[in-house]
Amino acid sequence: MADVTIYHNPNCSTSKNVLAMAQDAGVDLEVIQYLKTPPTREQLEWLVDHLDGPVADLVRKDPYFKELGLDAADYAEPGPVIELLLEHPRLMQRPLLVKGDRVVIGRPKERASELLTR
């Protein structure tokens, strides 16, 4: 089992930078391209339960979010966030790093660096 799991989007520059940082540091990684292999309900529940920070931060409030006509205020609790990410995995904030029982959003990349060096 890898030391760190990264939920990665290869089209995202921050995600690519964090992945490169982890590889350069020699971290044993499992890389999950979450758009190809979206997390299951059980995985999302675990991620939400162990997230370092507010669950609302797990949702990208990008143009696609706005295009769907969504309201950020509706996604501040675990249940709605999980349902949204099951339906629209591309709205999951990236990169998402898992180390042990800790889940960190790798934005800014300094947050990822802190997790990788512990």
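1. The face of helix H2 turned away from its buried side carries Glu-42 and Asp-49, both of which are exposed (exposed means over 50% relative accessible area, buried under 20%, and partly exposed in between, with a 1.4 Å probe and protein chains only). The model is a predicted one, in which local features need pLDDT of at least 70 and side-chain atom pairs count only at pLDDT 80 or more, whereas totals for chains, interfaces and linings use all residues. Residues are numbered from 1 along each chain as its sequence is written, and side-chain values use heavy atoms, with hydrogens and water left out.

2. On the buried side of H2, which spans residues 41-50, stand Leu-44, Leu-47 and Val-48. Seen down the helix axis, these buried residues fall within an arc of 95°, so they line one face of H2 (the arc is that of the directions from the helix axis to the C-beta atoms). They pack against strand S1 (4-8), helix H4 (78-87), strand S3 (96-99) and strand S4 (102-105), where contact means heavy atoms within 4.5 Å. Helices (H or I, at least four residues) and strands (E, at least two) are DSSP runs, numbered from the N terminus.

3. The structure holds one aromatic pair. The ring centres of Phe-65 and Tyr-75 are 6.0 Å apart and the planes stand at 80°, so the pair is edge-to-face (rings of Phe, Tyr and Trp, the last by its six-membered ring, pair if their centres lie within 6.5 Å, and planes under 30 degrees apart count as stacked, over 60 as edge-to-face and the rest as tilted). Phe-65 belongs to helix H3 (residues 63-67) and Tyr-75 to the loop between H3 and H4, 10 residues apart. Phe-65 is buried at a relative accessible area of 3%, and Tyr-75 is buried at 13%.

4. Five salt bridges are found in a search of the whole structure, each being a side-chain nitrogen of Lys or Arg within 4 Å of a carboxyl oxygen of Asp or Glu. In one of them Asp-52 meets Arg-102, with the closest N and O atoms 2.9 Å apart; Asp-52 lies in the loop between H2 and H3 and Arg-102 in strand S4, so this pair ties together parts that are 50 residues apart in sequence. Asp-52 also forms a salt bridge with Arg-111, at 3.4 Å between the closest N and O atoms, and since Arg-111 lies in helix H5 (residues 109-116), the parts so tied are 59 residues apart in sequence.

5. Asp-52, Arg-102, Arg-111 and Glu-114 are linked in a network of salt bridges. Asp-52 is partly exposed at 33% relative accessibility, as is Arg-102 at 21%.
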